[in-house]
Amino acid sequence: SAPVGVAALLCALLASAGPSGAAASSSPSTTGTRGGDYGGVVINEIMYNERSGNKKQKKDLLANEADADDDGSGDVGSPEPGGDWVELLNAGDAPADVTGWTFRGLRGGSGKQQDKEDEDVFEILPALGGGTGTGAVVIPPGAYLVLARNLTKFAERYPEVVARTPAVLVNGSFGFNLSPKGELLTLRDGAGELVEAVEYDDEGRWPEEADGGGFTLELIDPELDRNNPFSWLASDQPRGTPGAN
């Protein structure tokens, strides 16, 4: 589960969003991250460790995936470079222009929030996928934007998702792997204001099937506290459902 003090820190982060975000609350609930200015964009699904170094899980996956290769390298995240991805959902009522927003990953969690050298940063740009004729990346209400670690690998693994563009937007490559041991993921707008913060874990009450079992973390409802493990379930389908309910 999340370390002691995470809730308080995330509240402080959300409060720092200022007038463009919602008012600070006493817990890191979604109320503080769904301001109308942002169109209600939330982190909705996370593929962070399709196959870990857990021997039992690895054996089960190998039995079901003839093309899987065991390189014996241990906990290195998804089995192939590019296996990690994050799905953003526009849960609001208006289109959300996310051009110039940054997706960030901080290993070691919120306890290392001030150590920017440990933070991976990816900027969402039209040239990287998902752009419109206006040269912007806009997520319609109820639609998704998938951020992939490696666009080429993602297209190979999920051709049905790429075939649905532009109905489903795909952007990348963000280039860094998501930690199989848990990580703080944030989304900031073009001005650097905090829009979203989710700290997942591979322990405690977090769905264990997503930790090397071939499944993803899926948010039950965008209204829920996304830093509460009970707000998440393991995906029904192996490899998750990027760009779909």
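Biologist: How much space lies in the largest pocket?
Modeller: About 200 Å³. Keep in mind that this is a predicted model.

Biologist: Which residues are closest to its centre?
Modeller: N44, E218, L219, I220 and N245 are the closest to the centre of the largest pocket. In total, 17 residues line that pocket.

Biologist: And which elements give two or more residues to the lining?
Modeller: Strands β1 (41-47), β2, β11 (217-219) and β12 (232-234) do.

Biologist: Why roll a probe over the atoms at all?
Modeller: Because a probe the size of a water molecule shows where empty space is left.

Biologist: OK, switching to aromatics. How many aromatic pairs does the structure hold?
Modeller: Nine. One of them is W85 with F154.

Biologist: Stacked or edge-to-face, that one?
Modeller: Edge-to-face, because the ring planes of W85 and F154 sit at 80°, and the cut-off for that class is over 60 degrees. The two ring centres are 6.3 Å apart.

Biologist: Where are the two residues in the chain?
Modeller: In distant parts of it. W85 belongs to strand β2 (residues 85-90), while F154 belongs to helix α3 (residues 151-157). They are 69 residues apart.

Biologist: Is W85 buried or exposed?
Modeller: Buried, because its relative accessibility is 0% and the cut-off is under 20%.

Biologist: Which side chain has a polar contact with W85?
Modeller: The side chain of Y158, at 3.0 Å. There is also I46: the C-alpha atoms of W85 and I46 are separated by 6.2 Å. Along the chain, W85 and I46 are 39 residues apart.

Biologist: Back to the rings. Which residues form one aromatic cluster?
Modeller: Four phenylalanines do: F103, F122, F174 and F176.

Biologist: Now the whole chain. How many helices and strands are there?
Modeller: The protein chain has four helices and twelve strands.

Biologist: How much of the chain counts as buried?
Modeller: Of its 245 residues, 50% do.

Biologist: Last one. What share of the contacts with a separation of 6 or more comes from residues 24 or more positions apart?
Modeller: That share is 68% in the protein chain.

Definitions and conventions:
Residues are numbered from 1 along each chain as its sequence is written. This is a predicted model: local features need pLDDT of at least 70, side-chain atom pairs count only at pLDDT 80 or more; totals for chains, interfaces and linings use all residues. Side-chain values use heavy atoms; hydrogens and water are left out. Rings of Phe, Tyr and Trp (its six-membered ring) pair if their centres lie within 6.5 Å; planes under 30 degrees apart count as stacked, over 60 as edge-to-face and the rest as tilted. Buried means under 20% relative accessible area, exposed over 50%, partly exposed in between (1.4 Å probe, protein chains only). A polar contact is a pair of N or O atoms within 3.5 Å; within protein, one must be able to donate a hydrogen and the other to accept it, and residues adjacent in sequence count only if both atoms are side-chain atoms. On a 1 Å grid over the protein atoms alone, a cavity is a set of points where a 1.4 Å probe fits but cannot get out, and a pocket is an open set with protein on both sides within 12 Å along at least five of seven lines; lining residues have an atom within 4 Å of a point. Grid points are joined across faces, edges and corners, and a volume is the space filled by probe spheres set on the points. Contact means heavy atoms within 4.5 Å.
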